[in-house]
Amino acid sequence: MSSGVINFNDCDFISEEDHEICKKRVKPEVGDVLLANIGSVGDVARVTSEQEFSIKNVALLRPNPSQVNSLFFYYITRSSEFKKGILNLRLGSAQPYISLENLRSFRIQIPVDKSKQYEIANVLRQYDNLIANNRRRIELLEQAARLLYKEWFVHFRFPGHELVKIVDGVPDGWSRVTLVNLCHDIRVSIDPSSVPSETPYIGLEHIPRRSITLSEWGHSREVASNKFTFKAGDILFGKIRPYFHKVGFALVDGITSSDAIVVRSVESKLQQYCLTLLSSDEFVSLASKTVREGSKMPRADWNYLQKCKFLRPADKTLEEFNLIIEPMVEQMRTLALQSRRLAEARDLLLPRLMNGEIAI
């Protein structure tokens, strides 16, 4: 679940037998709203596909069709007022959760007239359509970046490769160097209370799987213990359970959890190469195979990874790579920030449409 959407492209699987057991308890249907009531409390997504799936650590909310338009109900659950009220119901410290009993007793305010609900939902849907279009464009750009990296630096089909000799797996003019000679981790610790409360905060829960565009974040006012600072363009590598493939570049300056490694290239011309390298299947697989077993969960061994050797392309190849990749990354950033502004405008509209401040 991310940004109100259920992503089936990179999900976990269970046996059909276990799925049948889950179905007997609850079976998601189109129009249902899923709400995370353990861990990332308050995150919601709407079921829009007939595809069967099982749920865990989420509550299923099914609007009564005789009283509530399902799309309107979804937008209510996405509102800041709803999220604020839900967060006030949290219990537990190490693993926050909301009991189903408390959730069932939670009260919301809706227009009695279903036609008004429909009209409000229809206005807000236009914003979501634009956001969904941006998301698809970002996915295509990311896919193109991954393919280009693999084509040039894994299969060695870079411009002019026909004229370049390859000796022991290294093209002439390239070199094999340790990771620390390509990029290094930045460990600037800071107390969240010492920065403005609106400072972007990226935790592991905000980093999507297999997407390099880090378009989601919370704020420094929501966290307490010391964090690490990062700059726009820095790479964040989720070190807990690295096989979750949580790697991407920051769109803005901010702070991040100590569960993420802030990475910056040693030279600016290496930044995009390092981004595609660290987010590649090959690197994530290496990080996953060489984890250090923590007290509760495996963590990437960054000290080990820094000593591993990787290709350092020739400057001319890097220059040609950057001419293609940098505009793509900048477009990802532009689209993601535009989507955030659209989402903020959509969320501000809901209460004004509800109270009649803005006529439909």
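Reply: Happy to! Let's start with contact, which means heavy atoms within 4.5 Å. The model is predicted, so local features need pLDDT of at least 70 and side-chain atom pairs count only at pLDDT 80 or more, while totals for chains, interfaces and linings use all residues. Residues are numbered from 1 along each chain as its sequence is written, and side-chain values use heavy atoms, with hydrogens and water left out.

Me: Which residues does Pro28 contact, leaving aside its neighbours within four places in sequence?

Reply: Those are Val47, Phe53, Ile55, Leu60 and Arg62. Pro28 itself lies in the loop between helix 1 (16-25) and strand 1 (33-36); helices (H or I, at least four residues) and strands (E, at least two) are DSSP runs, numbered from the N terminus.

Me: Why is Pro28 called buried?

Reply: Buried means under 20% relative accessible area, exposed over 50%, and partly exposed in between (1.4 Å probe, protein chains only). Pro28 has 11% relative accessibility, so it counts as buried.

Me: What makes helix 5 roughly perpendicular to helix 6?

Reply: Axes are lines fitted to C-alpha atoms, for helices over the stretch in contact, and angles run from 0 to 180 degrees between N-to-C directions. Under 35 degrees counts as roughly parallel, over 145 as roughly antiparallel, 65 to 115 as roughly perpendicular and the rest as oblique. Helix 5 (residues 114-153) and helix 6 (residues 271-278) pack at about 95°, with axes 10 Å apart, so helix 5 is roughly perpendicular to helix 6. Ala145, Tyr149 and Phe153 of helix 5 make the contact with Tyr273, Thr276 and Leu277 of helix 6.
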